[in-house]
Amino acid sequence: MDPAVAIAPCPVDPCKNYKARTDTACCAAAGIDRGDAGGIVCCDGRKVICVWKHNYAGITGKAAQLVHDCIYEHEAVHLPETINCTIGQRCTTELKRGGVIWWDTYGSECRAYKREVRCLQRARNKCGDDTFCRSNIRIFLEQAADQRDAYCKWVFFS
Ligand SMILES: [Zn+2]
């Protein structure tokens, strides 16, 4: 028998001692936000929705949580429409930004901003007579509506 084969060690599972990161750890990784308020991260072989509050830090009080939830809803539309993380890479500290499928970027953003606008409209009502909250929400609502119109005008089937 070939001696090299005879003394070959048992295969070791490379993932045996690897502990997958939490969503919080995945989203907090340096530079992964690229200045965006929200995004999808491919982390340890799975897709994670991130909302980066420090990128809309001007907003405080009741509106902050409402905006957070609407950014999350926007990203939730993208989640099934982003490219899968590499299967089998779960223990190799894989970390990168997820991308929407290239041939449907406008469609995906159109759908995501439509959802975000509806969410922000509901959020504005949830402010009640808190005028500071309403004015904060209005800024995001106007931006999201502009983005929706810019993307959706190129989308004929959505
Ligand atoms: Zn988007």
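I began with contacts (C-beta atoms, placed from the backbone, within 7 Å). Among those in the protein between residues at least 6 apart in sequence, 63% join residues at least 24 apart.

I noted the ground rules. Residues are numbered from 1 along each chain as its sequence is written. This is a predicted model: local features need pLDDT of at least 70, side-chain atom pairs count only at pLDDT 80 or more, and totals for chains, interfaces and linings use all residues.

Next I read the secondary structure, taken as DSSP runs numbered from the N terminus (helices H or I, at least four residues; strands E, at least two). I found five helices and three strands. Their order along the sequence is α-α-β-β-α-β-α-α.

I then checked burial (buried: 20 or more other C-beta atoms within 10 Å of the residue's own; exposed: 12 or fewer; partly exposed: in between; C-beta atoms placed from the backbone). Of the 158 residues, 28% are buried.

I looked up α5. It has 22 residues and reaches 31 Å from first C-alpha to last, close to the 32 Å expected at 1.5 Å a residue (1.5 Å times one less than the number of residues). Its buried residues include C133, I137, F140 and Y151. Seen down the axis of α5, the buried residues fall within an arc of 135 degrees, so they line one face of the helix. The arc is taken over directions from the helix axis to the C-beta atoms. On the other side of α5, T131, S135, E142, D146 and D149 are exposed. The cover over the buried residues of α5 includes α3 and α4.

Conventions. Contact = placed C-beta atoms within 7 Å.
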